[in-house]
Amino acid sequence: GDDMKILSWNAAGMGDDALKNLLDLLAETDNDWDAVLIQEGPKRDSEELCELDGGHLWYVAPSCDRPRSVAILLHNKWCGKELPSFKAINGRLAQVCVSIQGLPLCLLSSHLPHTGKSDMEYEAALSCLEQTVDIAKRRGSYVVVGIDANAVLGASHAADCNRVVGHWGLHARNERGLMFAAWLHINRLIASTTVFQKPFAKQRTHQSWSTGSQRQIDFLLVD
């Protein structure tokens, strides 16, 4: 079959109007993607599931006590007779279970705590994600995670499995990156963003508000 195109997008800094423009653009280019996993989406007090122009499904998890949400956009070609199963795990994690090209998939959008939050809160978010991934795998689903990890993985270390962290991560691994890398190895998920060589402009995913430094802290994970 055709290659699947699953995208991850961190919408930090985008207002509701800019995000709507992005969704409109995706609807106009509906042959170029299958699903989009969005972090830092619009704030919602309750979950939202609606059909956009073109028949694509747009799901937003409730923000809970957070200023932004996680969300998932699913192409209309995967919205057949059996409605895909959307679910908010919590304010930081949303999932959709769907069959794409005959493959059972669990697509997850995840936003891990930033460095202003404690390591305990970061580990709790990873634990919740781990439980969700484990349940999906036990059901026989393939897992894809679009994640704002708020962690710098960098390139693979000598102790890393190169099928988990590749050679093309950006910058030196930080403390949260050490935690995140260990979690990836335990859960046997590939940080695909680090596997392929790309120009710097396509590697960086975040610019610090305070210093202007550019980092790679957002990843697409596959099993």
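Colleague: Hi! What should I keep in mind about this model and its numbering?

Modeller: The model is predicted, so local features need pLDDT of at least 70 and side-chain atom pairs count only at pLDDT 80 or more, while totals for chains, interfaces and linings use all residues. Residues are numbered from 1 along each chain as its sequence is written, and side-chain values use heavy atoms, leaving out hydrogens and water.

Colleague: Thanks. How many strands are in the open sheet, and in what order?

Modeller: Five, in the order E1-E2-E5-E4-E3, with mixed pairing. The edge strands, E1 (6–10) and E3 (48–51), each pair on one side only. Strands (E, at least two residues) and helices (H or I, at least four) are DSSP runs numbered from the N terminus, and two strands pair if DSSP finds at least two bridges between them.

Colleague: And how many bridges join E3 to E4?

Modeller: Four, and the two strands run antiparallel. Leu49 has Tyr59 in E4 as its bridge partner.

Colleague: Switching to salt bridges, how many does the structure hold?

Modeller: Seven, where a salt bridge is a side-chain nitrogen of Lys or Arg within 4 Å of a carboxyl oxygen of Asp or Glu. One of them joins Glu121 and Arg92, with the closest N and O atoms 3.9 Å apart.

Colleague: Which parts does that pair tie together?

Modeller: Glu121 is in helix H2 and Arg92 is in the loop between strand E6 (85–90) and E7, so the pair links parts 29 residues apart in sequence.

Colleague: Is Arg92 buried or exposed?

Modeller: Arg92 is buried, at a relative accessible area of 14%, whereas Glu121 is partly exposed at 33%. Buried means under 20% relative accessible area, exposed over 50%, and partly exposed in between, with a 1.4 Å probe and protein chains only.

Colleague: What about Arg138 and Asp134?

Modeller: Those two also form a salt bridge, at 2.7 Å between the closest N and O atoms. Both lie in helix H2, four residues apart, about one turn of the helix. Arg138 counts as exposed at 69% relative accessibility.

Colleague: Last topic, helix H3. Which elements do its buried residues pack against?

Modeller: Helix H2 (119–138) and strands E9 (142–148), E10 (190–191) and E13 (218–222), with contact meaning heavy atoms within 4.5 Å. Among the buried residues of H3 are Met179, Phe180, Trp183 and Leu184.

Colleague: And what happens just after H3?

Modeller: Arg188 takes a positive phi of about 50° there.
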